[in-house]
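Hi everyone, thanks for having me. I'd like to walk you through a structure today, so please get the viewer open and follow along.

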Amino acid sequence: MKNSYLNLAGVIGVIGVTSAVIASPSLAGELTTSKTTKLEAEKISAPVASDIKVKSQPSLETVKISQNPAVQSVSQSAEVKVSQVVTPDDSLAQNVTSVSQLSDVRPTDWAFTALQSLVERYGCIAGYPDRTYRGQRALSRFEFAAGLNACLDKINEIISAGLADKVSKEDLAALQKLQEEFAAELATLRGRVDALEAKTAKLEAQQFSTTTKLEGQVVIAVNGGSSGNSFLNQPGLNALGGSIATTNPGKSNVTLLSRVRLNFNTSFNGDDLLITRLQATTGTGANNYGALLFQPGSFAAGNVGFSGAGLDFGGGSSGAFSLNKLTYEFGSRDLRLTLIAQGNAFDYVDTNSFANNEAVDFNSSFFINNPFHTVVIAGQGAFLSWNPNNSAFTARLLYIANAGASATPGVAASTGIFSNRGLSGDPYQATAEVEFAPRTSDGTKGPFAIRLQYTNASTGNVTFNTGGVNLEWAFSKYAAIFGRYGFGTIDGRGVLASTNPGLSGLVNAAYTGSNLSPQTWSVGFAFPDLFKKGALAGIAVGQPFIESNVGNASQTNLELFYNFPISDHIRITPDVQFVFNPNNNSSNSTVTIGTLRTVFSF
């Protein structure tokens, strides 16, 4: 009897003795699903001790929580988490057929005979994926009950198969005592898993799709700005060096802007991702004050120019929902390819942890992306990313054509200038980026990253060849520095820059060349968890377009924000911008822009 009891106790010491997912108070007591892995939760039923010889134990009923993203949120719907399982160090236990398969179990161990007997007689032993047993690890009563339940199932299978003589009376007596001792734990486990099973079944029955997860975001912002000018002057000076006024007012009404995005994220095999995004806005880009700053026609397909002070979420057409993004990503862990039927360049290159998301950090397009590497914002194309063996180095290639869906030459909608269009024609952008971001010990991205960039683009019948650097460094848990620098040439293709239709109003009349050699830079500080966990504050300063033949000064932008989380789904962000020497023209008074942004995520 003692040896039989020892045998049964020995099996319970295996942390992964059964594939059942058990909630253990010693392991935080709750269960959670992972975002990308498949979880199998097996139903546990505890037989009554006195009936163990006559009642047949139900076979293990497997409940599969699908890998598709729609069911990944089961932890929220069922209010049951499944991350802390019986195996805290490894997610899956491995069945063994011989005790010799357990690398850390030796014949001299005091429990060797018990383990050997359980493997050979009942087969209710499992080890970790690395084929270890870890017999010295402490376990909780719930973990013990989980192992006990596994042995009950095995023995009932033997009895149901008509092999009752294979189970000794001593083992049955030991099981009965253990079952009585752990009756409360077995009942609790059965209740928890039954509740998870019922709620999972309800979620699967009511889910939107078996392959698709819906994500939504709503941005609502109050925006206003003003300067001391009745009308802002353009950058380009006349032949006498005097300023030329534009029709853009120096003051504006306070506006209420909004943007709604619905993302349908679909995975067909767990390693691919189809993103379909519908977007609707109230108000076009011209309805937020910063966008009234100057941008020549050739630059209108992207962020180059001075209007980067505009709200990044304030652009787009006003009215009904339209297709904003349609992409399909697939490949291996190291090499990923994305086909872009409709997409944005800034989703793939020139990213930054502290200045890249208009719903989280800075409002203005200028501080979110290097304008020289978002010459073309949206269009059709492809993106390739290579990160060998999860190393510190990542190489990226992007090609995107703004009028890739246009079959014939014509006036590009983004620039208003006649061009050849199409997938290989103007306006287009090709960008190569190499990132160095050392990994932490667990393989995730570390606090430092630097990205080197090169872009060749054509838009509005001018050609860009630009380089750039993108840097971020979180030098403490609560502070980080980031910055961008861009430089290059804008080739007017032999047309005098001051008379080039695509550059009209940009270049000083006295300039007699056809090419420009601009620079741009920005630098800032971010303060994560400032005053509250999950909050983010930031400040940045920079100059969007430095060129001696454009205006008589260099526009300087300064922006500050504080993102305050009201809840997991609501964030409020006050933001203020100051633009000095707007449009590279010292005759323009400082522009002040204030925004109160609220973001709802679901």
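Before we look at any residue, here is one cut-off that we will need: a residue is called buried when its relative accessible area is under 20%, exposed when it is over 50%, and partly exposed in between. Please also keep in mind that this is a predicted model.

Is Arg421 buried or exposed? Its relative accessibility is 17%, so Arg421 counts as buried. You will find Arg421 in the loop between strand 14 and strand 15. Now look at its backbone: Arg421 has a positive phi of about 55°, although it is not a glycine. In general, most residues other than glycine have a negative phi, and most peptide bonds are trans.

Asp529 sits in the loop between strand 20 (519-528) and strand 21 (536-546). With a relative accessibility of 25%, Asp529 counts as partly exposed.

Next, the salt bridges. How many salt bridges does the model have? The count comes to 11, and I'll show you some of them.

Start with Arg451 and Glu435, whose side chains meet in a salt bridge at 2.7 Å, N to O. Arg451 belongs to strand 16 (residues 448-459) and Glu435 to strand 15 (residues 428-436), so this pair ties together parts that are 16 residues apart in sequence. Arg451 is buried, at a relative accessible area of 2%, and Glu435 is buried too, at 5%. This pair is part of a network: salt bridges with shared partners join Arg396, Glu433, Glu435, Lys445, Arg451 and Glu472.

Now turn to Arg484 and Asp350. Their salt bridge has an N to O distance of 3.0 Å. Because Arg484 lies in strand 18 (residues 479-491) and Asp350 in the loop between strand 10 and helix 8, the pair ties together parts that are 134 residues apart in sequence. Both Arg484 and Asp350 are buried.

Here is one more pair: Asp347 and Lys325, with the closest N and O atoms 3.2 Å apart. Asp347 is in the loop between strand 10 (335-344) and helix 8 (365-368), while Lys325 is in strand 9 (residues 322-331), so the bridge connects parts 22 residues apart in sequence. What about their burial? Asp347 is partly exposed at 31%, whereas Lys325 is buried at 7%.

Strand 8 (residues 273-282) and strand 9 run antiparallel and are joined by seven bridges. One example is Leu273, whose bridge partner in strand 9 is Glu329. Strand 9 also runs antiparallel to strand 10, and six bridges join those two. Find Gly331 there, and you will see that it stands opposite Arg336 in strand 10. A hairpin takes the chain from strand 9 to strand 10 through three residues.

Which residues make the nonpolar patch of about 680 Å²? They are Ile220, Val222, Val254, Leu256, Ile566, Ile572, Leu596 and Phe600. Strand 5 (212-233) and strand 24 (591-601) are the elements that give two or more residues to the patch. Ile566 is found in the loop between strand 22 (556-565) and strand 23 (570-580), and at 45% relative accessibility Ile566 counts as partly exposed.

Compare that with Gly127, which is found in strand 4 (residues 126-127). Gly127 has 4% relative accessibility, so it counts as buried. The C-alpha atoms of Gly127 and Ser103 are separated by 9.6 Å, and these residues are 24 apart along the chain.

My last stop comes from a record. UniProt lists residues 179-206 as "coiled-coil region", in an unreviewed entry. What does the model show over residues 179-206? The chain there is 96% helix and 0% strand, with its end C-alpha atoms 38 Å apart.

Definitions and conventions: Residues are numbered from 1 along each chain as its sequence is written. This is a predicted model: local features need pLDDT of at least 70, side-chain atom pairs count only at pLDDT 80 or more; totals for chains, interfaces and linings use all residues. Side-chain values use heavy atoms; hydrogens and water are left out. Helices (H or I, at least four residues) and strands (E, at least two) are DSSP runs, numbered from the N terminus. Buried means under 20% relative accessible area, exposed over 50%, partly exposed in between (1.4 Å probe, protein chains only). A salt bridge is a side-chain nitrogen of Lys or Arg within 4 Å of a carboxyl oxygen of Asp or Glu. Patches are made of residues with over 30% relative accessible area and no salt bridge: like charges are joined within 9 Å, nonpolar side chains (Val, Leu, Ile, Met, Phe, Trp, Tyr) within 5 Å. Accessible areas come from the Shrake-Rupley method with a 1.4 Å probe; for residues, only the protein chains shown count as cover. UniProt positions are given in the numbering used here, feature names are shortened, and annotations may be inferred rather than shown by experiment. Two strands pair if DSSP finds at least two bridges between them.
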